[in-house]
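Here is a short report for a reader meeting this structure for the first time. Look at the model, then read on.

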Amino acid sequence: MKSGILALLVVGVVLFGLGAGTWAYFDDTESSTGNYITADILNLKVSHDNSTWYDGTDVPSSIDFGMVYPGWSGSDNVYVMNEGGLPGEVYLYLNYSLDENINPESETNGGQTLADVIYVKIYYNDALVWEGYLKDWTYDDPGNMLDLGPLNGGKTGKITVEASIDYNDAGNDIQGDKLIFDVHLYLKQVQE
Amino acid sequence: MRSALFAFFLVGIVVLAVGYGTWAYFSDIEVSAGDYVTADTLDLVLTDHTSDANAQWGYFYIAPGRVPGVNGGYSGGDRAIHIFNNGTYPNTTVEIWFTFECYEDNDGNYTNGLQPGPESDTLQTNESAYLMLNEITLNTMEYTDSQAVRLIYDKKLTSSGYDYLAPELKSEFSPGQEITLADLARMKFVGLPGPEPLYGTLDTSSSQYLDEPNTQLSLDGPEGKMLNSSQNYWQGDVCIMTVHVRLVQSEP
């Protein structure tokens, strides 16, 4: 008798507990998933030959004009690629330093340097964007860059550097001098 | 609770007492069978312009300043999921909330695998992928039943949207506030009018239901905010949005 009452009591408590949890109201939940939001990319790549592309800050040096002299001229190309689907604008800044390097007996010391006599022309996709003597170059830090032009997503562009030394401009002062320069290329997204 | 326990206790005693009393002599019992008590039902069904509501929204290759094209159903169709009550209970409300899962990727194309990158991505972790949610606004979200209710409009929480926010969240938002996807992940809309019951007649392959729903949730116009600083940390990353819809019985 005692155990029967106890059993009923336990059943009552259990039923009461279940009711409190699940009998509050009806509801049903469904979901819509697999909805994607993805981001585009804007990544600049650089090439010497429009074939092998480098990514990052360790692009090997490619512009080497060799030995120069009065009456010399040369040119070289660098290619840029906008990997991604966003329109961009290419900028360039360049730092250079002068090294006396070797001083042959014939070198004079009149104050003229290689930067005074090298005349540079920079083209972007064959359009001239800057020309002048290297000594007049001012685009030398990230806050002051030369705007080369647009580079749309998935496209490549060609930067051509032409340099020359006029036969009549340069004298023995520049003999043995060496110019070392770092070229920085920057791609910035433009608003569509 | 105490009185309920006592009631069960009493019922036990009475049943036992009756048992002892009636088994002492002959008796006869008649039964009236076939008397039914059936419960109403709530049966929530979601569709888009196909018979299920998954993969309805695809906003691909978003970027600072860019509003990607409409990719309802990825290739076509509308920008909404359709909400049906295929049950029998008529007096219901709807609750809606959103969750996101984000992953690092190098090209914003989840179909070719998830790889870290590209080189210009300054934070190449899954954690950084969630940062894109802070920098993407949502232009419009609308809930339509017998009439359309704009919950978000012109990238801002509307007064109606604020009214339908869960009470415990109201202190975190205000009408007119710009809404990003990160905000959306913290929101829950409750008390929206529920769809009429269809009593099990819903045919999810019927164009009548797929194309002419009475109740639907639409959203559109995610746009990458363009800040004055680099946002490279979410380049190429991928987020999956899940929209949760709950149909709740109202109090009779």
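Is B:P213 buried or exposed, or does it fall in between? B:P213 has 19 other C-beta atoms within 10 Å. A buried residue needs 20 or more, and an exposed one has 12 or fewer. B:P213 is therefore partly exposed. Keep in mind that this is a predicted model.

## Around B:P213

B:P213 sits in the loop between α6 and β10 of chain B. B:T47 is 166 residues away along the chain. Yet the C-alpha atoms of B:P213 and B:T47 are separated by 9.3 Å.

## The overall plan of chain A

Chain A has 192 residues, and 19% of them are buried. The chain holds two helices and ten strands. Read from the N terminus, its elements run α-β-β-β-β-β-α-β-β-β-β-β.

Consider the contacts in chain A with a separation of 6 or more. Of these, 81% join residues 24 or more positions apart.

## Where the chains meet

How many residues of chain B are in contact with chain A? The count is 54 residues of chain B, and they touch 34 residues of chain A. Four elements of chain B each supply at least two residues of this side: α1 (2–22), β1 (44–47), β2 (58–62) and β12 (238–249). The largest share comes from β12(B), with twelve residues. By class, the side of chain B that touches chain A has 36 nonpolar, twelve polar and six charged residues.

Strands also pair across the two chains. Strand β1 of chain A, residues 27–39, pairs with β2(B). The sense is parallel, and the pairing runs over three bridges. One bridge can be named: A:A39 has B:I62, in β2(B), as its partner.

## A sheet in chain B

Six strands of chain B form an open sheet. Their order is β1-β3-β10-β6-β7-β8, and the pairing is antiparallel. Which strands lie at the edges? They are β1 and β8 (156–157) of chain B, and each pairs on one side only.

Within this chain, strand β3 (residues 80–85) pairs with strand β10 (residues 216–220). The two strands of chain B are antiparallel and share three bridges. In β10(B), B:Q216 is the bridge partner of B:H82.

Most residues other than glycine have a negative phi, and most peptide bonds are trans. Chain B has exceptions to look at.

Start with the peptide bond from B:G117 to B:P118. This bond is cis, with omega near -5°. B:P118 lies in the loop between β4 (92–103) and α2 (126–129) of chain B.

Next comes B:K155, which is not a glycine but has a positive phi of about 70°. B:K155 lies in the loop between β7 (148–153) and β8 of chain B. How exposed is B:K155, and what is its count of C-beta neighbours? There are 17 inside 10 Å, so B:K155 counts as partly exposed.

B:Y199 also has a positive phi, near 55°, and is a residue other than glycine. B:Y199 is found in the loop between β9 (188–193) and α6 (207–211) of chain B. With 13 C-beta neighbours inside 10 Å, B:Y199 is partly exposed. The reason is the cut-off: exposed residues have 12 or fewer such neighbours.

Key: Residues are numbered from 1 along each chain as its sequence is written. Chains are lettered from A and ligands numbered from 1 in the order in which they are written. This is a predicted model: local features need pLDDT of at least 70, side-chain atom pairs count only at pLDDT 80 or more; totals for chains, interfaces and linings use all residues. Two residues are in contact if their C-beta atoms, placed from the backbone, lie within 7 Å. Ala, Val, Leu, Ile, Met, Phe, Trp, Tyr, Cys and Pro count as nonpolar, Asp, Glu, Lys and Arg as charged, and the others, Gly among them, as polar. Two strands pair if DSSP finds at least two bridges between them.
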